[in-house]
Amino acid sequence: MYDTTDIRKNLKFILDGVPCLVVDFQFVKPGKGQAFTRTKLRNMLTGTMLERTFKTGERFEKADMEERQQQFLYPEGDNYVFMDTKSYEQLYLTREQLGEGANYLQDGMMVDVLFWNERPIGVTPPTFVELTVIETEPGFKGDTSSNTLKPAKLATGASVGVPLFVNEGDMIKIDTRTGEYVERVKR
Amino acid sequence: MSGPPSLASTLEPSIDSVNARPPGARVRFGGRVTARDGTSARIEDAFGAVIVTTGAPPEEGTLVVVDGTRSASGVLAGHVEAVGAARVPFPRAGGEFRALTDSGRLRARGLRARAEVLRGIRAYFDAQGFLEVETPSAVLSPGMDLHLTALEVRGIGAERWLVTSSEYQMKRLLVGGLSRIYQTGRAFRADESGARHQPEFSMLEWYRGFEDAESVMRDTEELVQGLAIARHGTATLPGDEGPIDVTAPWQRLPVSQAFESLAGVDMWQVLPDEESFFRTLALVIEPKLGRSRPVFLTEWPASMASLARLIPGRTPPVADRFEAFVDGMELCNGFGELTCPVEQRARLERDRAERARLGLTVHALDERFLSSLEEGMPPSGGNALGIDRLVMLLLGAQDLREVMGFPQDRI
């Protein structure tokens, strides 16, 4: 069991019989009053978002999930197609089920598909992925600092903040847990 | 401080002070190389950056002392001496330099704003004839409030807890004959962590003996107004939903009226169900308070204030307690103080029994505090204000952790 002090981003638990993922949370407490934890959750079966406020001390059942490695094949309409490389069985997930993960999928990439009660419900991309910048403003030569960021569009369609020296065509490493730029990769 | 130039150092205190010097001025300063090309380097510290033109710039991460002349756009270096180096690629993600300089140097600015706030607090209270005092952090009884959890301290020999507020000790000083006292200290509250809560935080607490709650509400207004003017030039704070005019006086809004006008419910009907009361307050009412003008919530139900006096002649009983809200956030909590030793003991015993019933730590009564009230405490107004939250409001920051040097996740 979890309780409200365990709540953090990406925690998975069962709420009303449905596995949920914590997308955001906020500790709320009137000065000398009872504490609450406000949460924004994603229903992991449907991908829909919901908001719930728990009072401190409430307990939740852990969501027992299993991850199996699968290969991402290609997007097909609103679905994303994955394949078990041993059994060649294919499965489909929707954009909503993938959530942020859809931003980092490249054809042929090996990913962890999440199963709950034998049902595929989501995908964990590798912690670090290397993607090509297809659109960004020109950089400032000599500026190797990482303090100031500018927007860049990646080959998968995702947007990310990058340092000023990154140019179009550069390959960069992204931390998929935070969606943040890590470093430029030499090719 | 003005006076003759100090001989202690010939170095500029920070790079933004280098940038404030006129062209042609001789400057010496320390800093870090954060970018370079063939003929120039950017030298940076937590507060600023300057482009230094120099022969062969040292590599990124090098700590340097620069001797040069201020030019129109930067510094022409006569001499750049390397005095230290980074052993990791610089700046390191999650490192100390990034911690202070990320998000437009938010944390560095927060540390400066905090120092400014502390100076402003001292200037205000000193000018009003207050005495700055210090009271212990580790005490016998940390308070009996049902919704505060204290941290235990071991090793002093007797049972000790970190203060959740310094009220007992400061009231003993009032009994002892000090009438205007303030302190800026640390308060500790376990299990409180989030954008507006940290288990260790800075608190300003002050008392006016022989005066009332209204007098410390006026202090609050004047202090915040003065700090806003000092920082922004006008009595305005950058709020989440637009500018907040903090000009005194602020509205006094009885809690029951806030329940009625902002949540559409009768507070006295909700009150018996404590969870509903706090749910309505925290989730419905508080986010709407103080968005364009700060507001004091006043006249709390008696059960919500164990250390406040009751407002005479009110049924159901109402406590002389107030909280100021700015930008949807509680900034302070104050009382017209309870001075009656018999009533105070009865209330603490009641809270103590309730803590026992809920399975919470049952603290000893602070007998020295209770016995001090028997000597006679003057009628007083007292207030406790979150300094970190005040810094946040002055900077328009959305998270305490951005303006604290060392929030829990950086310890």
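The model is predicted, with local features requiring pLDDT of at least 70 and side-chain atom pairs counted only at pLDDT 80 or more, whereas totals for chains, interfaces and linings use all residues. Residues are numbered from 1 along each chain as its sequence is written, and chains are lettered from A and ligands numbered from 1 in the order in which they are written.

The packing angle of α2(B) and α4(B) (residues 213-232) is about 130°, and their axes lie 10 Å apart; axes are lines fitted to C-alpha atoms, for helices over the stretch in contact, and angles run from 0 to 180 degrees between N-to-C directions. The crossing is right-handed, that is, the near helix is turned clockwise from the far one by less than a right angle. To the contact (C-beta atoms, placed from the backbone, within 7 Å), α2(B) contributes E116(B), V117(B), G120(B), I121(B) and Y124(B), and α4(B) contributes L223(B), G226(B), L227(B), A230(B) and R231(B). By class, these residues are 6 nonpolar, 2 polar and 2 charged; Ala, Val, Leu, Ile, Met, Phe, Trp, Tyr, Cys and Pro count as nonpolar, Asp, Glu, Lys and Arg as charged, and the others, Gly among them, as polar.

Between the chains, 28 residues of chain B are in contact with 21 residues of chain A. On the chain B side, two or more residues each come from β1 (26-36), α2 (96-127), α7 (274-285) and β17 (329-336), these elements being DSSP runs numbered from the N terminus (helices H or I, at least four residues; strands E, at least two). The greatest contribution to this side is that of α7(B), with 7 residues. Its composition is 8 nonpolar, 7 polar and 13 charged residues.

In chain A, an open antiparallel sheet of 5 strands has the order β14-β13-β12-β15-β16, pairing being assigned where DSSP finds at least two bridges between two strands. Neighbouring strands are turned by 55° against each other on average, direction ignored. Within this sheet, β12(A) (residues 128-136) and β15(A) (residues 171-175) pair over 5 bridges, with F128(A) opposite D175(A).

In chain B, β12(B) and β13(B) (residues 242-245) are joined by 4 antiparallel bridges and form a hairpin with 2 residues between them. T236(B) faces D245(B) across this pair.

Note on methods. Two residues are in contact if their C-beta atoms, placed from the backbone, lie within 7 Å.
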